[in-house]
Amino acid sequence: MTRFRTVFSFVLILNIAYEILPLRADNAVPVLLWGGSVKSDLSRSAVNPFLKTTSEEFDLFLRKLLENSPPVLLYMKENLCTEDLVKHKQHLQKVAGDSLHYFSAVEKAVNTIEDLPMYNQTYNDYVDVVPDGQLLIVPINNLDIIPETYKAVKDSNPNSIAVLTGKSCSYRRSERVKRDANENTTVKPFKVSSSRVLLYSSRALLLKPGEGRDEIQLTLKPTVSDEPGPKKSSFSLVLQFNGTEDIIKHKLAFIFEVKTAGYYTLKTVNYTYFTNTNNEEKHSLVTDTNIVFPFNFSYHCSQYIIFKNSTTVLNITDLQVQLDAKQSYKDNNTKIFNDAYDCVGFTTIPIWTGVFVTAILALIMIWGLSMIIDIRTMDRFDDPKGKTITIAAQE
């Protein structure tokens with residue numbers, strides 16, 4: 001049974017390799033045709049990259065396409081892969097237009113074209129006029145020269161057909177083109193600085209204004225101000241955001257209090273929103289996270305910080321906040337965070353795990369040592385010339 005499985009796996013791998021490897025084989029190259037009588041295949045939703053066209057199938061296609069023996073201009077490159085076509089697609093689009101046919105991988109494409117019986121072959125780098133029944137083979141090293149040479153031939157004979165292919169395809173990783181990242185997918189951090197408070201979040205603040213309302217992402221550039229808190233020992237950072245639809249403005253007030261000497265506490269965020277009808281609604285949002293940090297230090301937590309009540313929720317990702325932040329040495333107009341108190345305590349889960357395992361090992365070792373210490377050896381022995389030792393049951 002094991003031998004059967006091994007043979008089956010080997011055959012399966014060979015079948016997969018047979019389907020995939022032709023794309024990189026030396027005799028399978030891409031072919032691009034355009035010109036007078038070529039019908040476009042751009043209406044296809046996608047080109048199957050694993051489909052290889054045999055030389056016989058490609059020969060039948062050419063014979064049907066070239067029934068009237070129009071002039072054929074063959075651009076032949078020693079090494080041509082699909083990556084080359086992608087790299088020079090802007091230049092090829094200038095000449096291909098709407099009449100375009102594309103084969104992702106063709107077996108012996110150059111040999112099949114050269115073996116067409118109804119064509120006379122000539123090799124030349126540049127010819128202005130190509131008559132009917134003539135196959136002009138132009139060896140090229142750079143695909144950027146195709147638009148110039150093809151334009152001259154097309155002006156002399158509009159029915160001319162151009163073919164771009166290569167002798168082999170040896171793909172090199174250095175030829176890959178790196179695509180630019182989409183700017184719309186870039187996540188920008190949220191950072192505000194007032195006269196006293198410096199607040200940072202790795203993402204924009206997420207707010208659910210109330211019951212029945214969708215969660216919204218607040219803008220990255222709010223109006224920032226400092227205000228006195230509701231208590232004498234408190235202080236507020238006020239952020240105002242422009243709204244949309246029925247809510248025209250959002251207002252968040254972060255309340256910092258000094259409940260313990262030398263320590264700031266952030267427990268509450270007062271949220272107010274204003275509607276089109278000049279009405280305002282206030283909510284007091286409270287967090288379960290213990291946000292406490294000493295003077296001249298910042299507070300940091302890489303987890304989600306949630307301020308909420310029964311209907312409204314404010315999410316802050318990777319929060320870092322500090323009061324009276326110091327100025328940067330390089331730029332006095334920029335404030336930077338001091339050393340941070342993190343929300344993760346000293347005894348983290350990995351530490352507790354290590355303590356638990358160590359305690360179990362220590363108990364096992366103590367039990368083993370107690371067993372060894374409790375072993376009693378013989379302290380009396382028989383004398384062959386004396387009386388036999390008698391040991392009572394109590395001993």
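What is the average pLDDT of the protein chain, and what share of the residues score at least 70? The chain averages a pLDDT of 79, and 81% of the residues score at least 70. This is a predicted model.

**Confidence along the chain**

Helix α1, residues 2–20, has the lowest, at a mean of 46. Helix α7, residues 349–373, has the highest, at 94. Two stretches deserve a separate mention. Over residues 42–46 the pLDDT is below 50, and this stretch has four contacts in the model beyond near neighbours in sequence. Residues 172–177 also have a pLDDT below 50, with four contacts beyond near neighbours in sequence.

**Overall make-up**

The chain holds seven helices and 20 strands. Its length is 395 residues, and 36% of them are buried. The accessible surface comes to about 25900 Å². Carbon and sulfur atoms account for 54% of that surface. Take the contacts between residues at least 6 apart in sequence: 62% of them join residues at least 24 apart.

**Helix α7 and the annotated span**

UniProt, in an unreviewed entry, lists residues 351–373 as "transmembrane region". In the model this span is 100% helix and 0% strand. Its end C-alpha atoms lie 32 Å apart.

A nonpolar surface patch involves Phe 356, Val 357, Ile 360, Leu 361 and Ile 364. The patch covers about 500 Å². Ile 364 is found in helix α7. Is Ile 364 buried or exposed? Ile 364 has a relative accessible area of 52%, so it counts as exposed, the cut-off being over 50%.

**Salt bridges**

Side chains of opposite charge can pair when their charged atoms come close. How many salt bridges does a search of the whole structure find? The search finds six.

| Asp 59 | Arg 63 | 2.7 Å |

Start with Asp 59 and Arg 63. Both lie in helix α2, four residues apart, which is about one turn of the helix. Arg 63 is partly exposed, at 38%.

The pair of Glu 78 and Lys 167 links distant parts of the chain. Glu 78 sits in strand β2, and Lys 167 sits in strand β6, residues 161–168. The two are 89 residues apart. Glu 78 is partly exposed at 49% relative accessibility. Lys 167 is partly exposed too, with a relative accessible area of 43%.

**An aspartate in strand β15**

Asp 288 lies in strand β15, residues 280–294. Its relative accessibility is 71%, so Asp 288 counts as exposed. Which residues does Asp 288 touch, not counting those up to four places away in sequence? They are Lys 267, Ile 306 and Lys 308. Between Asp 288 and Lys 267 the C-alpha to C-alpha distance is 8.0 Å. In sequence these two residues are 21 apart.

Two loop residues have a positive phi without being glycine. Ser 69 is one of them, with a phi near 55°. Where does Ser 69 lie? Its place is the loop between α2 (55–65) and β2 (72–79). Ser 69 has a relative accessible area of 19% and therefore counts as buried; the limit is under 20%.

Asp 324 has a positive phi of about 55° although it is not a glycine. This residue is in the loop between β17 (313–323) and β18 (326–327). With a relative accessible area of 37%, Asp 324 is partly exposed.

Definitions and conventions:
Residues are numbered from 1 along each chain as its sequence is written. This is a predicted model: local features need pLDDT of at least 70, side-chain atom pairs count only at pLDDT 80 or more; totals for chains, interfaces and linings use all residues. Side-chain values use heavy atoms; hydrogens and water are left out. UniProt positions are given in the numbering used here, feature names are shortened, and annotations may be inferred rather than shown by experiment. Buried means under 20% relative accessible area, exposed over 50%, partly exposed in between (1.4 Å probe, protein chains only). pLDDT is the predictor's confidence in each residue, from 0 to 100. Contact means heavy atoms within 4.5 Å. Patches are made of residues with over 30% relative accessible area and no salt bridge: like charges are joined within 9 Å, nonpolar side chains (Val, Leu, Ile, Met, Phe, Trp, Tyr) within 5 Å. Accessible areas come from the Shrake-Rupley method with a 1.4 Å probe; for residues, only the protein chains shown count as cover. A salt bridge is a side-chain nitrogen of Lys or Arg within 4 Å of a carboxyl oxygen of Asp or Glu.
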